[in-house]
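Here is a walk through one protein chain, from its overall build down to single residues. Keep the structure open beside you as you read.

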Amino acid sequence: MAQPIVQCDQLTKRYGKKNALDRLDVAIPSGRIVGVLGPNGCGKSTFFRAITGLIKPDAGEIRVFGRAPGWQTNHDVAYLPDRARWYPRQTVLQAFEWGASFLPGFDMDAAKAFAAYMDVDLEMSMSGMSRGQEARVMLILCMARDVPLIILDEPFAGIDVISREAIISGMIDYLEEREVSILISTHDIQEVEGLFDYIVLMDRGKAIWSGEAEELRAQHGSLHDVFRTFYKREWSR
């Protein structure tokens with residue numbers, strides 16, 4: 001069996017008296033598009049920050065590519081946080097040039113191709129963008145990197161439904177040609193569930209289910225129905 005791209009054993013992170021991660025056990029296989037799903041406050045963003053080494057756990061262990069997170073592993077990780085912002089005085093092209101000079105594995109040709117596909121004007125100032133336009137640029141800066149692991153925390157927030165569907169279709173086509181693992185956290189499950197082939201369900205800082213997306217669909221129907229039914233049951237306990 002191939003080594004998991006991310007593995008957590010009893011991973012715990014506390015903020016005051018609250019356990020953001022509560023003895024999290026999960027092993028995520030490589031080469032998959034993984035939906036990390038759960039209600040607000042369940043620990044998804046904290047989990048992602050632990051993968052990138054932005055936070056240190058209070059207990060337990062996390063391994064990324066078989067190693068503890070740090071500058072060496074981050075060379076191979078593209079991370080889009082849920083509240084990212086980039087240089088408002090730059091144009092889109094300047095933001096891409098910054099990415100090419102600073103971000104390992106950044107592919108300028110791929111970035112420009114994504115921009116054309118997403119109808120993003122390279123000469124537009126970042127400060128003059130709508131929330132949806134800015135979200136597109138942030139997504140491009142991650143997706144244009146040739147790295148083995150991409151982490152996207154609420155990447156479609158602010159993007160309208162019609163544009164979101166086109167962007168997801170383009171992502172599927174692009175990813176078919178690459179060997180990459182992607183972890184995506186989103187509440188827009190209906191629009192994006194076709195992306196996922198592996199699922200991690202989180203609640204109260206724990207992974208309460210993980211496995212093949214098709215297995216979950218076969219047992220319970222669409223992921224949207226699973227989400228509504230499963231978390232209603234969990235929170236009623």
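Let's say what "touching" means before anything else: two residues are in contact when heavy atoms of theirs lie within 4.5 Å. With that in hand, look at L152, which touches F48, L80, L139, C142, M143, M171, I182, L183, I184 and S185, leaving out residues up to four places away in sequence. Bear in mind that this is a predicted model.

**The whole chain**

Let's zoom out. The protein chain has 9 helices and 9 strands. Its radius of gyration is 18 Å, close to the 18 Å that the globule rule gives for 237 residues, so the chain is as compact as a globular protein of that length. Along its principal axes, the C-alpha trace spans about 50 × 40 × 40 Å.

How much of the chain is buried? Of the 237 residues, 51% count as buried. The chain exposes about 11500 Å², and carbon and sulfur atoms supply 49% of that area. Among contacts between residues at least 6 apart in sequence, 69% join residues at least 24 apart.

In soluble globular proteins, nonpolar side chains tend to be buried together. Here, the largest nonpolar core holds 50 residues, and those touching the most other members are F96, L139, M143, L152, I182, F196 and I199. Helix 5 gives the most to this core, with 8 residues. A second, separate core has 27 residues, including V36, F47, I62 and F65.

Which residues of helix 3 are buried? In this helix, residues 92–102, they are V92, A95, F96, W98 and G99. Seen down the helix axis, these buried residues fall within an arc of 155°, so they line one face of helix 3. An α-helix has 3.6 residues a turn, so residues three or four places apart point the same way. The buried residues of helix 3 pack against helix 4 (108–117) and helix 5 (131–143).

The buried ones are K44, S45, T46, F47, F48, A50, I51 and T52. Let's pick out T46: this residue is buried, with a relative accessible area of 7%. Leaving aside neighbours within four places in sequence, T46 is in contact with K13, Y15, A20, L21 and I55. Just after helix 1, G53 takes a positive phi of about 80°.

Now for strand 3, residues 33–37, where 5 of the 5 residues are buried. In a regular strand the side chains alternate between the two faces of the sheet. Both faces of strand 3 are covered, with I33, G35 and L37 on one side and V34 and V36 on the other.

Which strands pair with strand 3? One is strand 7 (residues 181–185), which runs parallel to strand 3 and is joined to it by 3 bridges. In that pairing, V34 stands opposite L183. Another partner is strand 8, also parallel, joined to strand 3 by 4 bridges. There, V36 has V200 as its bridge partner.

R63 sits in strand 4 (residues 59–64). R63 and C8 are 55 residues apart in sequence and 6.5 Å apart in space, C-alpha to C-alpha. Leaving aside neighbours within four places in sequence, R63 is in contact with I5, V6, Q7 and A68.

D119 has a positive phi of about 60° although it is not a glycine, and R204 has a positive phi of about 55° although it is not a glycine either. D119 is in the loop between helix 4 and helix 5, while R204 lies in the loop between strand 8 (198–203) and strand 9 (206–212).

Buried or exposed? The table sets out the relative accessible area of some residues from this tour.

| Residue | Relative accessible area | Class |
|---|---|---|
| T46 | 7% | buried |
| R63 | 29% | partly exposed |
| R204 | 40% | partly exposed |
| D119 | 72% | exposed |

To read the classes, remember that buried means under 20% relative accessible area and exposed means over 50%, with partly exposed in between.

Definitions and conventions:
Residues are numbered from 1 along each chain as its sequence is written. This is a predicted model: local features need pLDDT of at least 70, side-chain atom pairs count only at pLDDT 80 or more; totals for chains, interfaces and linings use all residues. Side-chain values use heavy atoms; hydrogens and water are left out. Buried means under 20% relative accessible area, exposed over 50%, partly exposed in between (1.4 Å probe, protein chains only). Helices (H or I, at least four residues) and strands (E, at least two) are DSSP runs, numbered from the N terminus. The arc is that of the directions from the helix axis to the C-beta atoms. A nonpolar core is a set of buried Ala, Val, Leu, Ile, Met, Phe, Trp, Tyr and Cys residues joined through side-chain atoms within 4.5 Å. The radius of gyration is taken over C-alpha atoms; the globule rule is 2.2 Å times the number of residues to the power 0.38. Accessible areas come from the Shrake-Rupley method with a 1.4 Å probe; for residues, only the protein chains shown count as cover. Two strands pair if DSSP finds at least two bridges between them.
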